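Look first at the sequence and the model, then read on.

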Amino acid sequence: MTDSTAATTDLDVRLEKHRTELTGYCYRMLGSSFEAEDAVQDTLVRAWRSYDKFEGRSSLRSWLYRIATNVCLDMLTAGNKRARPMDLSESTPLAQAALSPRPDHTWLEPMPDNRMLPTVEDPAEAAVAKETVRLAFMAALQQLPPKQRAVLILREVLAWRASEVAELLDTSVASVNSALQRARATLAEREEHGADAAVSDPLDEEQQKLLDRYVKAFEGYDMTALTALLHEDAIMTMPPFDLWLTGHDDITGFMTTLGSACEGSRLVPVQVNGLPGFAQYKPDPEKGGHSPWAVQVLEISDGRLTGFHFFLDTQRWFPLFGLPLHLEAEADEVKEGV
């Protein structure tokens, strides 16, 4: 191996070490799992091509975050804000329920934990990382102007000093502090609308029992058992459809009418957006066995399910989670997606 080849290989390894944390940063900035991965790839390519200009006045990590921030800000110039269904319209009563899709770029997207949350030894740091990719927090981030979003993530999530953020954004410390104050105020207003999930990390015994009961109720399509697990104000969403339902009566009513084809489904556990989730496979009448239907993300608070969100674009989501696109009829279990 020549010296130049060895140097190139070494640089590739050094850059690749930052991929997961950069993906988490870009995902928080963009609200899209696929755009985040594209942004990180662009970041690493730009870094590789311009490494000879890197003078080492900052750490390699800081330099990569500067590039990633610029990539994300460029991608956000169109002003698109990704959202959840409840950010765009009022809840629909079951009697008026209709499945109306909106374009993919409308929606906040799910993301597997292992693609965006690097392994850290500090439990408090790990908890903050998970809390700040949960759907409610992500939806709130999307309401911030892009630079405020970057400041909040760098300061509050990644714990950068104001001076470091100012250097990265080519601005003053006073400007950074002002942007952070405005971002905090916006998020504080958002906290009044829909409680975020209160999930232990790892799940405590009661939460695990709740999930076990949920799997049994859902796979058995037992609406009485499911109702007992849902908070009275629980929310159900189904992107790309803009329909969302509130309350266990409308949710279970939907599942036995428009959603009745989900009876007989199988659930495979996944870790998604810092929350418990499942890959849902529903019966396939043509091929037999079960075919992908949704990635479910569950929100838990006070011993009940307060939200469950079905992301239905399975041709995109299941490969992202490393999940098979078919379960054979005789298979009772499938390895958790990694």
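Which strands does helix H14 lie across, and at about what angle to E1 does it run? Helix H14 (residues 248–255) lies across E1, E2 and E6 and runs at about 45 degrees to E1. Helices (H or I, at least four residues) and strands (E, at least two) are DSSP runs, numbered from the N terminus. Angles run from 0 to 180 degrees between N-to-C directions, and axes are lines fitted to C-alpha atoms, for helices over the stretch in contact.

The model is predicted, so local features need pLDDT of at least 70 and side-chain atom pairs count only at pLDDT 80 or more, while totals for chains, interfaces and linings use all residues. Residues are numbered from 1 along each chain as its sequence is written, and side-chain values use heavy atoms, with hydrogens and water left out.

## The sheet

Six strands make up an open sheet with mixed pairing, in the order E2-E1-E6-E5-E4-E3. Two strands pair if DSSP finds at least two bridges between them. Strand E2 (241–246) and strand E3 (266–272) are the edge strands, each pairing on one side only. From one strand to the next, the twist averages 20 degrees. Helix H12 (residues 205–219) packs on the sheet, where it touches E3, strand E4 (275–283), strand E5 (290–301) and E6. The direction of H12 makes about 145 degrees with that of E5. Contact means heavy atoms within 4.5 Å.

Strand E1 (residues 230–238) and strand E6 (residues 304–311) run parallel and are joined by four bridges. One of the pairings there is that of Ile 235 with its bridge partner Gly 307 in E6. Four bridges also join E1 to E2, but these two strands run antiparallel. Here the bridge partner of Met 236 is Leu 245 in E2.

A hairpin of two residues joins E1 to E2. Pro 240 has its place in the loop between these strands, and the peptide bond from Pro 239 to Pro 240 is cis, with omega near 20 degrees. Five of the six residues of E2 are buried, so E2 is largely enclosed by the rest of the structure. Buried means under 20% relative accessible area, exposed over 50%, and partly exposed in between (1.4 Å probe, protein chains only).

H2 has twelve residues and reaches 16 Å from its first C-alpha to its last, close to the 16 Å expected at 1.5 Å a residue. The expected span is 1.5 Å times one less than the number of residues. Ten of the twelve residues of H2 are buried, so H2 is largely enclosed by the rest of the structure. Among them are Glu 21, Tyr 25 and Met 29. The buried residues of H2 pack against H3, H4, helix H6 (113–116), H7, H8 and H9.

H9 (residues 146–157) also has twelve residues and reaches 16 Å from its first C-alpha to its last. Its buried residues include Ala 150, Ile 153 and Leu 154. The partners of the buried residues of H9 include helix H4 (60–75), helix H8 (135–141) and helix H10 (162–169).

How do these helices cross their neighbours? Two packed helices are described by the angle between their axes and the distance between the axes.

| Helix pair | Angle between axes | Distance between axes |
|---|---|---|
| H2 and H3 | about 130 degrees | 8 Å |
| H9 and H11 | roughly 95 degrees | within 9 Å |

The angle of about 130 degrees makes H2 oblique to H3. At roughly 95 degrees, H9 is roughly perpendicular to H11. Angles under 35 degrees count as roughly parallel, over 145 as roughly antiparallel, 65 to 115 as roughly perpendicular and the rest as oblique. In the contact of H9 with H11, the residues include Val 151 and Arg 155 of H9 and Leu 180 and Leu 187 of H11.

## Loops

Gly 31 follows H2 and has a phi near 75 degrees. Ala 159, in the loop between H9 and H10, has a positive phi of about 60 degrees although it is not a glycine. At 60% relative accessibility, Ala 159 counts as exposed. Asn 273, in the loop between E3 and E4, has a positive phi near 50 degrees, but Asn 273 is buried, with a relative accessible area of 0%.

Lys 17 is in the loop between helix H1 (3–16) and H2 and counts as exposed at 68% relative accessibility. The C-alpha atoms of Lys 17 and Pro 118 are separated by 9.8 Å, although these residues are 101 residues apart along the chain.
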